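This report is meant for someone meeting the structure for the first time. Please look over the sequence and the model below before reading on.

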Amino acid sequence: MKKVKVSFSGLNDMLKFKNMGKRREEAINDCSNENFYKEANTNKISKELHPKFQHVVVEDIINEKWDCKTFVLKGDNCQLAPFKAGQFVNVYVEIDGVMVSRAYSISSSPKMALENEYRITVKAIREGLVSNYLLGTLDIGEKLLISGPSGNFTYNPLRDEQHIVGIAGGVGITPFYSLAQAIIDGDEDCLLTLFYGVNKEDDILFLEQFDDIVSKTNKVKVVYVVRDDEDTKYEYGLINKKLIDKYVVSNRVSFYICGPYKMYTHLNEELQKYNLPNKFFRYERVASKSIANGKKFTITVKKGNDYVKFKAYEYETIMTALYRAKIVIPSNCHSGTCGLCRTKLLSGEVIMDSDYRRKADVKYNYIHPCVTKPKSDLVIEIN
Ligand code: FES
């Protein structure tokens, strides 16, 4: 057998290897008990930027108009997440033992989030379970649970033209107020020509604030349009193409529309005249279709083998009726766009304020209860 020569350094290596186990054990014992891996920094930052929930305290309540208040919300021992003008938060409140929620556009400047403040402006509506609770019950100093900001009603230079034509109705002015502040703060680089439709002159929200913004920048213009009174200094009637063309000469614009349902039906026809691709129109709905009387229907909810029945008014969404029946389903946008509340309709007729369902959902009879109202007795299935 051939002898193998082992050099001094090789011998040294072999001795080291022989003691490897012992040395390894010593090294492990010397380690701190603290977990080396806690959480990746990127995950931590992502959670801070996009929190699921945030705790806030009501710092102030501003009476805007007889049926409308702005709630000033401050982070309750936490830093509020940043947002883009046009985004909303869901506000969660417990009503009769059930946690219910409703989405509200943030009306304040994105800059204020750095000072730990959001503002939401809430208007009373007959079928507004959460809105009426906030307006009637919420007081300064009370605490609330809200979601992180979300929504796509935001200026995106990759998608939009730089000139935004905003069309607002009623409390649908809130995302535009936020955008106008973002423009003047230098946070958004776009032009805004805003058409603000109201029933009466006295209904105009944030009039002084907009006057102030318009006096400071030529990037924001506001055209007030009063529907029911010819004798004001503002435009009169309904917002239509003729009126828009009077103030907007370029056709390189993106349209942003936020208001009540009835405004949409009229505007859809007018805006089609521009013949623009769909990507140049963005919609956000703030109040549902108003139905005059209060007919009641029976809704039967199937969950597994269990059935629950309750009554629902024809003017309220199925989501609101579910809340009243203490049945909570997932939700986020409350405007029919996120699809989180998708529910199977087994039988009955419904009416929708807006319809952003996928084709497959239409085919297989899925509905979005947040924007859908009963037109007859219904049977729905939830998981
Ligand atoms: S909550 Fe988003 S579609 Fe209903």
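## A leucine in a loop

Leaving aside its neighbours within four places in sequence, which residues is Leu238 in contact with? With contact meaning heavy atoms within 4.5 Å, Leu238 touches Val225, Arg227, Leu243 and His266 once those sequence neighbours within four places are left aside. Leu238 is placed in the loop between strand 10 (235-236) and helix 7 (241-247), where helices (H or I, at least four residues) and strands (E, at least two) are DSSP runs numbered from the N terminus.

Leu238 counts as partly exposed, at 46% relative accessibility; on this scale buried means under 20% relative accessible area, exposed over 50%, and partly exposed in between, with a 1.4 Å probe and protein chains only. Leu238 and Leu267 are separated by 29 residues in sequence, while their C-alpha atoms are 9.0 Å apart in space.

## Basis of the model

This is a predicted model, in which local features need pLDDT of at least 70 and side-chain atom pairs count only at pLDDT 80 or more, whereas totals for chains, interfaces and linings use all residues. Residues are numbered from 1 along each chain as its sequence is written, and side-chain values use heavy atoms, with hydrogens and water left out.

## Domains and cores

The protein is divided into domain 1 (52-147), domain 2 (163-287) and domain 3 (296-381), with bounds that come from an automatic or database domain assignment. Between the C-alpha centres of domain 2 and domain 3 the distance is 32 Å.

A nonpolar core is a set of buried Ala, Val, Leu, Ile, Met, Phe, Trp, Tyr and Cys residues joined through side-chain atoms within 4.5 Å. The largest such core has 46 residues, and those with the most contacts inside it are Phe71, Tyr118, Leu134 and Ile299. Helix 9 gives the most to this core, with five residues, and the core draws at least three residues from each of domain 1 and domain 3. Apart from neighbours within four places in sequence, Leu134 is in contact with Phe71, Val91, Val93, Tyr104 and Val122. A second, separate core of 31 residues includes Cys68, Tyr177, Leu192 and Val198.

## Two residues with positive phi

Lys326, although not a glycine, has a positive phi of about 65°. Lys326 is found in the loop between helix 9 (318-324) and strand 15 (343-347), and is exposed, with a relative accessible area of 52%.

Asn365 is also not a glycine, and its phi is positive, near 65°. Asn365 lies in the loop between helix 10 (359-363) and strand 17 (366-367), and counts as partly exposed at 34% relative accessibility.
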